[in-house]
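Hi everyone, thanks for having me. Let's have a look at the inside of a protein together, and please keep the picture in view while I talk.

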Amino acid sequence: MFCFVFLVFAGVNYRKLTDESSDPLATLQLVLTSQNVLSISKLSNRLPLPGGGRSTVSPSAVHAVWLQKLFWKGDPQLLKRPPQSDQDYLHAYDTCAKYLDRLVPADAIHFLDGITFSPDAAKNLSVQARLVMIKRASKALRQLAEKSRKKASDNSGEQEGTDPTGMTFDEALAHLQQSQAHLDTLSHAFILSLKDSQQEQQQRYSQLYDLSRSERSKICELAVTMATDGHPLEQIKELLRVAVGPLDLSVKTVFQEAVQRVVAALSGDQNALTNYPQPLRVLEGVVTSVHNNVQSG
């Protein structure tokens, strides 16, 4: 057995692999291929997760990090070279999709977010290609959900479509629906104006919005940043209008958060000072933003 374990994990840094302060998945990803991923996944429950608890690596998580590697870097057997174009990336996705049934819903979403809402995805893929992948993934997860329901009905003692994190297939599909709706907003005139701006700051706002998936915390953070940078309220209102989903955010909420952060920095809060080392200048930006709105009104 030990000889088999050493053979399967050939090339792995064993110290990092078993160190509870290190991420074993990051160590494994370096050596995972289509030839060894199944064997390694079967032994993964011997590997502790960081934190010192009883949690161990799951076979699903091993396949998820391998699929990330397969998608971006290729594989000697399945993808001879890394993708270079949208067509290549769509082919890479289709190759990866054959293994989605080995992932629990949360790991499937982690993988899909990594290839559609990561900095690499925004840089290397067109919005259209990302949309196509999200739509294909939604179809695949619906099919897996149906299989899960049939299996649950045949085994009444099992809980339908739930993984150890508690995410169901329905929740995973809702996540992808949000992703698709957000990608559709990237063609909005306001977002395009940020992207096409000659100002690096505005381009940065566009990038942050792109990767936000319209998640409340990320949209709030972006809106607060715009406020502290002194941008007009109307731009912040437009940002909140374009974003999709149940944000429950208002301009008032954004400016209250911005002022609270500045006050914390002025009070000497070290965390706040890290983000706002010159709080008076930031406060000036917030005041300017409000003033610009009064002037335009």
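Let's start with the largest nonpolar core, which has 72 residues. By nonpolar core I mean a set of buried Ala, Val, Leu, Ile, Met, Phe, Trp, Tyr and Cys residues joined through side-chain atoms within 4.5 Å. Buried means under 20% relative accessible area, exposed is over 50%, and partly exposed is in between, with a 1.4 Å probe and protein chains only. The members that touch the most other members are Phe71, Tyr93, Phe111, Leu141 and Tyr209.

A word on the source: this is a predicted model, where local features need pLDDT of at least 70 and side-chain atom pairs count only at pLDDT 80 or more, while totals for chains, interfaces and linings use all residues. Residues are numbered from 1 along each chain as its sequence is written, and side-chain values use heavy atoms, leaving out hydrogens and water.

Now pick out Phe111. Which residues does Phe111 touch, not counting those up to four places away in sequence? With contact meaning heavy atoms within 4.5 Å, they are Ala64, Leu67, Gln68, Phe71, Cys96, Leu100 and Leu103.

Cys96 takes us to helix 6, where Tyr89, Leu90, Ala92, Tyr93, Thr95 and Cys96 are buried. Helices here are DSSP runs of H or I with at least four residues, numbered from the N terminus. Cys96 counts as buried because its relative accessibility is 0%. Among the elements covering the buried residues of helix 6 are helix 5 (59-73), helix 7 (105-116), helix 8 (119-124) and helix 9 (127-154).

On to the aromatic rings. Two rings of Phe, Tyr or Trp (its six-membered ring) pair if their centres lie within 6.5 Å; planes under 30 degrees apart count as stacked, over 60 as edge-to-face and the rest as tilted. By this rule there are four aromatic pairs. In one of them, Phe71 and Trp72 have ring centres 4.9 Å apart and planes at 90 degrees, so the pair is edge-to-face. Trp72 also pairs with Tyr89: the centres are 5.7 Å apart and the planes at 65 degrees, so this pair is edge-to-face too. That pair links distant parts of the chain, with Trp72 in helix 5 and Tyr89 in helix 6, 17 residues apart. Are these two buried or exposed? Trp72 and Tyr89 are both buried, and together with Phe71 they form one aromatic cluster.

Note on methods
Helix = DSSP H or I, 4+ residues; strand = E, 2+ residues; numbered from the N terminus.
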